[in-house]
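Dear colleague,

Please find below the structure I am handing over to you. My findings follow it, arranged from the overall fold down to individual residues.

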Amino acid sequence: MDGEMHYEVEELVPIVGRLAREYTGGESTSVTYEKAEQLMGAVLYCVREAEGAGGEEGALAGRMSAAQAYEAGLSRVKEKVKAALALYHGILPEFDSYGNRCLGDTFLKGMPEFFKWYDVKFEPQNTIVTLDYPVLKDLSGDAGVDRIFGFLKCLRLEQRFLRRFPKEFVQKALDGDGAGRNGAAENLCGIVLETALKQLLGEGDAAAYLALAMEEAVVRLNYASLKDTADNG
């Protein structure tokens, strides 16, 4: 999330108090220091979500009160959760871990846990799962649904890339690297691409597979670049 929050803490405290009252079932605004920190983190996450929105939505957030920005950000977080879940279910039917336990566990076990336990209102900043499988994009600056959504977008592209190669080729490349039928936390695309390049420079016949995969990757990167440019005016 981009954008620098311009609200004072005094403007956020009433929102935290309201959340505390909701958290205690309306009985009190008194919570532990740790819980108050968590709730303030929830408010900051949503406000920054609103301020980080692109286009008119982001510009409008700069003219909102803190309470309005919080509500706008909370709504945006909820929409991202729906979009991330839809993306997960879109990837699922053709998902292939190629025998890599780290990837399989992260996607098939970790993701459902996130969607089961993610607390949009009281702790949206909590990513819940560790995302042990390393995608090629650095997501360390993101948290909560932003990190999960970014991870799933990367994984969708990786799965499309890997499907450009015959499964036997992918499996052989991974088994040769030691990342195949084990729990190695290695990015599969990097291994397959390295293997394909070695074949191109040697006596292998991976040129056609690699050309198709790279062509799609370039098209998608160009599209993403154009879309970002359009979104940013």
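**Overall fold**

Of the 233 residues of the protein, 40% count as buried. Please bear in mind that this is a predicted model. The protein contains 9 helices and 0 strands, and its pattern along the sequence reads α-α-α-α-α-α-α-α-α. Among contacts with a separation of 6 or more, 65% are made by residues 24 or more positions apart.

**The nonpolar core**

The largest nonpolar core comprises 61 residues, and Leu12, Met111 and Leu152 have the most contacts inside it. At least two residues of this core come from each of helix 1, helix 2, helix 4 (66-91), helix 5 (101-117), helix 6 (144-163), helix 7 (167-177) and helix 8 (188-201). Helix 4 provides the largest share of the core, with 10 residues.

**Helix 4**

Helix 4 is 26 residues in length and reaches 37 Å from its first C-alpha to its last, close to the 38 Å expected at 1.5 Å a residue. Which residues of helix 4 are buried? They are Ala66, Ala69, Tyr70, Gly73, Leu74, Val77, Lys80, Val81, Ala84, Leu87, Tyr88 and Ile91. As background to such a list, an α-helix has 3.6 residues a turn, so residues three or four places apart point the same way. The buried residues of helix 4 are covered by elements that include helix 1, helix 2, helix 5 and helix 6.

**Helix 1 against helix 2**

Two packed helices are described by the angle between their axes and the distance between the axes. For helix 1 (residues 9-23) and helix 2 (residues 33-51), the axes come within 9 Å and cross at roughly 120°. The crossing of helix 1 past helix 2 is right-handed. On the helix 1 side, the residues in contact are Val9, Leu12, Val13, Ile15, Val16, Leu19, Ala20 and Tyr23. Their counterparts in helix 2 are Lys35, Ala36, Leu39, Met40, Ala42, Val43, Leu44 and Val47. Sorted by class, this contact between helix 1 and helix 2 has 15 nonpolar residues, no polar residues and 1 charged residue. Leu12, listed here in helix 1, is also one of the residues with the most contacts inside the largest nonpolar core.

Why is helix 2 described as largely enclosed by the rest of the structure? The reason is that 14 of its 19 residues are buried.

Gln38 lies in helix 2 and counts as buried because its relative accessibility is 15%, where the cut-off for buried is under 20%. Leaving aside residues up to four places away in sequence, Gln38 touches Phe122, Glu123 and Gln125. Glu51 also belongs to helix 2, and its relative accessibility of 12% means that Glu51 counts as buried. Glu51 and Ala69 are separated by 18 residues in sequence, while their C-alpha atoms are 7.5 Å apart in space. Ala69 is among the buried residues of helix 4.

**Helix 5 against helix 6**

Helix 5 and helix 6 pack at an angle of about 145°, and their axes are 12 Å apart. Helix 5 passes helix 6 in a left-handed crossing. From helix 5, the residues Leu103, Thr106, Phe107, Met111, Phe114 and Phe115 take part. They meet Gly144, Val145, Ile148, Phe151, Leu152, Leu155 and Gln159 of helix 6. This contact of helix 5 with helix 6 has 10 nonpolar, 3 polar and no charged residues. Both Met111 and Leu152, found in this contact, are named among the residues with the most contacts inside the largest core.

**Two loop residues with positive phi**

Tyr98 sits in the loop between helix 4 and helix 5. Although Tyr98 is not a glycine, its phi is positive, at about 55°. Is Tyr98 buried or exposed? Tyr98 counts as buried, because its relative accessibility is 4%.

Ile128 is located in the loop between helix 5 and helix 6. Ile128, a residue other than glycine, likewise has a positive phi, near 70°. With 35% relative accessibility, Ile128 counts as partly exposed.

With kind regards

Terms used: Residues numbered from 1 in each chain as written. Predicted model: local features only at pLDDT ≥ 70, side-chain atom pairs only at ≥ 80, totals over all residues. Heavy atoms only, no water. Axes fitted to C-alpha atoms, helices over the stretch in contact; angles between N-to-C directions. Helix = DSSP H or I, 4+ residues; strand = E, 2+ residues; numbered from the N terminus. Left-handed = near helix turned anticlockwise from the far one by under 90°. Contact = heavy atoms within 4.5 Å. Nonpolar A, V, L, I, M, F, W, Y, C, P; charged D, E, K, R; others polar. Buried < 20%, exposed > 50% of the residue type's maximum accessible area, 1.4 Å probe, protein only. Core = buried A, V, L, I, M, F, W, Y, C linked by side-chain atoms within 4.5 Å. Expected span 1.5 Å × (residues − 1).
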